[in-house]
Amino acid sequence: MRDENCIFCKIVAGEIPSRTLFEDEDFKVMLDVGPAAKGHALIVPKAHYTDIYELPSELAGEAMKLAKRMATHMTTVLGCDGFNILQNNGVEAGQTVFHYHMHLIPRYKDGNEMILWKANQFSDAEMDELAEKLKV
Ligand code: 5GP
Ligand code: ZN
């Protein structure tokens with residue numbers, strides 16, 4: 001469950017240093033080296049999974065529980081005013097490190113704007129068709 005060319009696998013193995021906030025058998029949480037805001041951290045499973053599609057459901061659930069725990073703790077300690085939890089899959093979605101990870105981004109009242117999108121418009125017929133197609 002390791003990819004020899006993966007930087008996060010090397011960090012998990014202790015071959016590259018990181019500022020670790022939490023660690024257990026399955027996960028490491030560390031500060032991001034290129035933070036979008038003060039305190040930006042990453043939840044990284046120790047085993048190598050490229051993205052959400054490869055990640056086993058059980059670990060996905062554990063990652064989200066850990067995100068809740070970290071977000072609560074970080075908000076208390078940092079006194080931030082909001083919090084983004086996000087996760088990129090694929091180049092087109094902004095993924096640059098191909099070892100699954102979740103971003104924990106504290107947000108501040110006077111912080112820079114980010115993670116905003118312009119709302120698109122699709123016809124009612126298209127929206128109905130999409131909703132039908134995407135039902136599980
Ligand atoms: P992505 O764009 O794949 O969702 O996010 C990758 C994140 O990993 C980026 O925010 C980037 O700053 C961070 N990152 C890249 N290399 C390293 C590293 O060596 N150590 C740490 N702690 N973060 C890294
Ligand atoms: Zn890896």
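Leucine 21 sits in strand 1. In this predicted model, its relative accessibility is 41%, so leucine 21 counts as partly exposed. Its contacts beyond four places in sequence are Val29, Met30, Leu31, Ala41 and Met70. One of these, leucine 31, lies ten residues away along the chain, with 7.3 Å between the two C-alpha atoms.

**Overall make-up**

- The chain has three helices and five strands.
- Their order along the sequence is α-β-β-β-α-β-β-α.
- The C-alpha trace spans about 55 × 40 × 25 Å along its principal axes.
- The chain has 136 residues, and 32% of them count as buried.
- Among contacts with a separation of 6 or more, 53% link residues 24 or more positions apart.

- The five strands make an open, antiparallel sheet with the order 1-2-3-5-4.
- Strand 1 (20–23) and strand 4 are the edge strands; each has a single partner strand, so one side of each lacks a neighbour in the sheet.
- On average, neighbouring strands are turned by 15° against each other, direction ignored.
- Helix 2 (residues 57–78) packs on this sheet and touches strand 1, strand 2, strand 3, strand 4 and strand 5.
- The direction of helix 2 makes about 20° with that of strand 5.

**Strand pairings**

- Strand 1 and strand 2 (residues 27–31) run antiparallel and are joined by three bridges.
- Within that pairing, glutamate 23 has lysine 28 of strand 2 as its bridge partner.
- Strand 3 (residues 41–45) is antiparallel to strand 5, again through three bridges.
- Isoleucine 43 is bridged to methionine 102 in strand 5.
- Strand 4 (residues 82–86) pairs with strand 5 in the antiparallel sense over five bridges.
- Isoleucine 85 has leucine 104, in strand 5, as its bridge partner.
- How covered is strand 5 (residues 102–107)? Mostly: five of its six residues are buried.
- In a regular strand, side chains alternate between the two faces of the sheet.

**The zinc site**

- Which residues coordinate the zinc ion (ligand 2)? The donors are Cys6 (SG), Cys9 (SG), His48 (ND1) and His99 (ND1), at 2.0 to 2.3 Å.
- The sequence spacing of these donor residues is C-x2-C-x38-H-x50-H.
- Why is the arrangement around the zinc ion (ligand 2) tetrahedral? The four donor atoms subtend angles of 104 to 117°, and the tetrahedral class requires all angles to lie between 85 and 135 degrees.
- For reference, the ideal angle for four tetrahedral donors is 109.5 degrees.
- The cut-off behind both calls is a relative accessible area under 20%.

Methods
Residues numbered from 1 in each chain as written. Chains lettered and ligands numbered in written order. Predicted model: local features only at pLDDT ≥ 70, side-chain atom pairs only at ≥ 80, totals over all residues. Heavy atoms only, no water. Buried < 20%, exposed > 50% of the residue type's maximum accessible area, 1.4 Å probe, protein only. Helix = DSSP H or I, 4+ residues; strand = E, 2+ residues; numbered from the N terminus. Pairing = 2+ DSSP bridges. Donors = N, O, S within 2.8 Å, 3.2 Å for Na, K, Ca; no water. Tetrahedral: all angles 85-135°; square planar, octahedral: opposite > 155°, others 65-115°. Axes fitted to C-alpha atoms, helices over the stretch in contact; angles between N-to-C directions. Contact = heavy atoms within 4.5 Å.
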